Amino acid sequence: MRLVTFCAAGAVLIATPAAAQDLKGVWFAGGMVSSDSSGYAGMVRALPGARLGKGLAVRGSIGAGEYEYESDLGPTEARWEGLDVALVHQTSGAWGWSNLSLGAGVKHTKLDPLDPDNESEGTRGDISVQADGGALSEDWRFNWLGAYAFDGEEYGLKLQLTRAIGASAYRAGLEAGLQGDPNYQRTTAGVQVGRAFGQGRRYEMTVSAGASRFRDTDTTGYGAVSLSHTF
């Protein structure tokens, strides 16, 4: 399972403010551990004449991970590494922000044992689309992200609802997600706590934990962490 773009932008939409008057970009990194695991890192940079939250930007990200699924041969382990680049159209205002992007990526997947019914084995290129954003209402914030990669038929959806804790730099709330491809599917539901810090509170770290269920398997726990910085 790849969806590097999906994972990476998850950190961006948590941290990016709706009004980013003088900001040009954001870098991000994070990962998740469950019965599978993954990690990612990347950056969004506004193009000349634009700024973070308004106009065109480019996003680049890398990621890696591993997961296990049931094939006709029994338990099959998949390990992957990938990278992608996307052109992002940004809009924002007092209501929040919204991004639409079109990207291209390369992924390498190794299966053990080799599954002849899984076409993801080897190195493949793909085209993906993504929509993400956040809606603001006083202390509340609702984030969304959806992504789809055409050749690998990979999909992802993530929803988050958080509330500021008083006048502090902390936020807390709920999250839910769905991601998969023709051989793999995972649903998640959990809680998250985030904290903004540093000069201008331009850094944000978020920690999440909850339940994760894979298709045709028992429910397990998961833990995730993300870090981002706007500049």
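1. Strands here are DSSP runs of E with at least two residues, and helices are H or I runs of at least four, numbered from the N terminus. Two strands pair if DSSP finds at least two bridges between them. With those terms, strand 6 and strand 7 make a hairpin with 2 residues between them. In the turn, Glu138 has a positive phi of about 50 degrees.

2. A word on the source. The model is predicted: local features need pLDDT of at least 70, side-chain atom pairs count only at pLDDT 80 or more, and totals for chains, interfaces and linings use all residues. Residues are numbered from 1 along each chain as its sequence is written, and side-chain values use heavy atoms, with hydrogens and water left out.

3. Strand 6 covers residues 122-137. Its antiparallel pairing with strand 5 (residues 96-112) spans 14 bridges. Within that pairing, Ala104 has Ile127 of strand 6 as its bridge partner. Ser137 stands opposite Trp140 of strand 7.

4. Strand 3 (residues 55-71) and strand 4 (residues 74-93) are also antiparallel, with 17 bridges. One of the partner pairs is Val58 with Leu87, the latter in strand 4.

5. Which residues make the nonpolar surface patch of about 430 Å²? They are Leu102, Ile127, Val129, Tyr148 and Phe150. Patch members have over 30% relative accessible area and no salt bridge; like charges are joined within 9 Å, and nonpolar side chains (Val, Leu, Ile, Met, Phe, Trp, Tyr) within 5 Å. A salt bridge is a side-chain nitrogen of Lys or Arg within 4 Å of a carboxyl oxygen of Asp or Glu. Areas are Shrake-Rupley values with a 1.4 Å probe; for residues, only the protein chains shown count as cover.

6. Val129 lies in strand 6. Its relative accessibility is 33%, so Val129 counts as partly exposed. Buried means under 20% relative accessible area, exposed over 50%, and partly exposed in between (1.4 Å probe, protein chains only).

7. Ser37 belongs to strand 2 (residues 37-46). Ser37 is partly exposed because its relative accessible area is 25%. Leaving aside residues up to four places away in sequence, Ser37 touches Met32, Ala64, Gly65 and Glu66; contact means heavy atoms within 4.5 Å. Arg79 is 42 residues from Ser37 along the chain, and their C-alpha atoms are separated by 9.7 Å.
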